[in-house]
Amino acid sequence: MALAQQAADKARAAGEVPVGAVLVRGDEVIASGFNHPIGAHDPSAHAEMVALRAASQALENYRLPGCELYVTLEPCLMCAGAIMHARIARVVFGAPDPKTGACGSVVDAFANPLLNHHTTVVGGVLADECGHALRNFFAERRQLAREERDARRAREAREAAADPTSHPVSL
């Protein structure tokens, strides 16, 4: 999970939501990925999807049996589907995602007995640390938005004060 957290730091540095993923087989790291849908202009550029794509290229196979995926945030439904199609043996995630989590928080895609592949899921590994990184990121974003709004309002007030035509004249 520490490697997934390092990947999440790369997402943060790029201005993206800090989610990281690492795909391993045994003791070997096959691939890693970080969240970057904004920069890539790609709604599927979630950390898990990036790691799955890189691992598939590295192993020259779209099936990744025997591999485990470590991710700092509970996978969404899109990522859960890709994880199942890739035949990932186990997913280990950090923080739960109460808005889009597909490992039990909102839906549990992996618990459906009708599906043909079953992935083991372990959640809550370093959940506090992973959740803290996400909360800090969004708190910083909100603070920056407030500062930008306040600066814009101050600039508009200065411009209005400097322009005598912007004030109604009382007679």
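Visitor: Welcome me in with V106: is V106 buried, exposed or partly exposed?
Guide: Gladly! Buried means under 20% relative accessible area, exposed means over 50%, and partly exposed is in between. This is a predicted model, and in it V106 has a relative accessible area of 46%.

Visitor: Which residues form a nonpolar patch on the surface?
Guide: V106 sits in the loop between strand 4 (90-95) and strand 5 (120-122). The patch has about 250 Å² of accessible area together, and its members are L77, V106 and V107.

Visitor: Which element gives the most to the lining of the largest pocket?
Guide: That pocket holds about 610 Å³ of space. Its lining counts 23 residues, with V17, L73, D97, L134 and F138 nearest the centre. Two elements give two or more residues to this lining, helix 2 (37-40) and helix 5 (127-162). With four residues, the one that gives the most is helix 5.

Visitor: How far apart in sequence are the parts that E140 and R12 tie together?
Guide: Side chains of opposite charge can pair when their charged atoms come close. Here E140 and R12 meet in a salt bridge at 3.0 Å, N to O. E140 belongs to helix 5 and R12 to helix 1 (residues 2-13), so the separation in sequence is 128 residues.

Visitor: What separates E156 and R152 along helix 5?
Guide: These two form a salt bridge, with the closest N and O atoms 3.8 Å apart. Because they are four residues apart in helix 5, the separation is about one helical turn.

Notes: Residues numbered from 1 in each chain as written. Predicted model: local features only at pLDDT ≥ 70, side-chain atom pairs only at ≥ 80, totals over all residues. Heavy atoms only, no water. Patch = residues over 30% accessible without salt bridge, like charges linked within 9 Å, V, L, I, M, F, W, Y side chains within 5 Å. Areas by Shrake-Rupley, 256 points an atom, 1.4 Å probe, with all protein chains shown as cover. Salt bridge = Lys/Arg side-chain N within 4 Å of Asp/Glu carboxyl O. Buried < 20%, exposed > 50% of the residue type's maximum accessible area, 1.4 Å probe, protein only. 1 Å grid on protein atoms, 1.4 Å probe; cavity = no way out; pocket = protein on both sides within 12 Å on 5 of 7 lines; lining within 4 Å. Points joined across faces, edges and corners; volume = space filled by probe spheres on them.
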